[in-house]
Amino acid sequence: MPNDVKALIITGVGLNCEKETAAAFNAAGAKASLIHINDLLSGKATMEPFQILAFIGGFSFGDHLGSGTVFANKIKFKLKEELNNFIDSGKLIIGICNGFQTLTRLGLVPALEGGRFTQQAALAHNDSGVFRDAWITMKANPACKCVFTRGIDRIRMPIRHGEGKFAASPEMIDKIEKENLVALRYTDEAGNKPNGFPDNPNGSINDIAGICDPTGRVFGLMPHPEAFLSPYNAPDWQTQKLLGKLPDKGEGMILFTNAVDYVKANL
């Protein structure tokens, strides 16, 4: 077991959630380090000392060729072997929003049938045709092996994206479902299947909000857990406080705590 759980947060080129993500991992008991993507690409820095890797939210390279496209290509052609070794050594990866888009373009999720580094799914433009900034509710899949969503039933998070519609071929969707790789689905506030927009904010097929790879250790989601670390982040915190139901932590913290606890127990 490492003396410290070390989380690597890749920064730069339009990404903008590094401080919140670092705060999340630090609060969960890890030691977060912010490293610019150029330092990894040049070899000045390496992923090797870390047990957790985070691809964060933002607008990498301005999304000019599609969300996460340029970022994923740079990583694929420069860091493919290092990333492959990172995953094969049992370590964890999370991709949030733009980071989820990057993971799909890299082929790190769903990565079925040995398909790592071959794109099998995508995050397309929202059905609404506009950028959506709202709070949503999700339900976790108890049959999914995802390390990050362990112990979750229903959870709320904010979303803020224009390209968040999970899409894949009917055959791939069927395989994802059969392998129980869907970790989180959009629901209504009561946890029931949503009746389209706004509970499903982007039109994702099968209401998919987050998926993992077959190992359960590589996970991507469109909502932002790092934006719900404090109970005071929630839009209804005043009501919850009056009712005496205000929790100690924001609901997003459980994903980061699960990751750190897994590393402590397994690496």
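Predicted model: local features only at pLDDT ≥ 70, side-chain atom pairs only at ≥ 80, totals over all residues.
1. The largest pocket holds about 160 Å³ of space. Its lining consists of Arg 132, Ala 134, Trp 135, Ile 136, Thr 137, Arg 156, Thr 187, Asp 188, Glu 189, Pro 198, Asp 199 and Pro 235. Strand E6 (residues 132–140) contributes the most to this lining, with five residues. Sorted by class, the lining has five nonpolar, two polar and five charged residues.

2. Helix H1 (residues 18–27) has Thr 21, Ala 22, Ala 24 and Phe 25 as its buried residues. Viewed down the axis of H1, these fall within an arc of 155 degrees, so they line one face of the helix. Exposed residues Lys 19 and Ala 27 are on the face of H1 turned away from the buried side. After H1 comes Gly 29, which has a positive phi near 105 degrees.

3. The packing partners of the buried residues of H1 are strand E1 (6–11), strand E2 (31–36), strand E3 (52–55), strand E4 (92–96) and helix H7 (253–266).

4. The buried residues of H7 are Met 253, Leu 255, Phe 256, Asn 258, Ala 259, Val 260, Tyr 262 and Val 263. Among the elements covering them are H1, E3, E4, strand E7 (154–161) and strand E11 (218–221). On length, the 14 residues of H7 should span 20 Å at 1.5 Å a residue, and the end C-alpha atoms are 20 Å apart, which agrees.

5. Phe 219 belongs to strand E11. With a relative accessible area of 0%, Phe 219 is buried, the cut-off being under 20%.

6. Most peptide bonds are trans. The bond joining Val 109 and Pro 110 is cis, with omega about -5 degrees; Pro 110 sits in the loop between helix H4 (98–106) and strand E5 (122–124). The bond from Phe 197 to Pro 198 is also cis, with omega near 5 degrees. Pro 198 is in the loop between strand E9 (182–187) and strand E10 (208–212), and is one of the residues lining the largest pocket.

7. Most residues other than glycine have a negative phi. Phe 117, in the loop between H4 and E5, has a positive phi near 75 degrees and counts as buried at 6% relative accessibility. Asp 207, in the loop between E9 and E10, has a positive phi near 60 degrees and counts as buried at 8% relative accessibility.

Methods: Residues numbered from 1 in each chain as written. Heavy atoms only, no water. 1 Å grid on protein atoms, 1.4 Å probe; cavity = no way out; pocket = protein on both sides within 12 Å on 5 of 7 lines; lining within 4 Å. Points joined across faces, edges and corners; volume = space filled by probe spheres on them. Helix = DSSP H or I, 4+ residues; strand = E, 2+ residues; numbered from the N terminus. Nonpolar A, V, L, I, M, F, W, Y, C, P; charged D, E, K, R; others polar. Buried < 20%, exposed > 50% of the residue type's maximum accessible area, 1.4 Å probe, protein only. Arc of directions from axis to C-beta. Contact = heavy atoms within 4.5 Å. Expected span 1.5 Å × (residues − 1).
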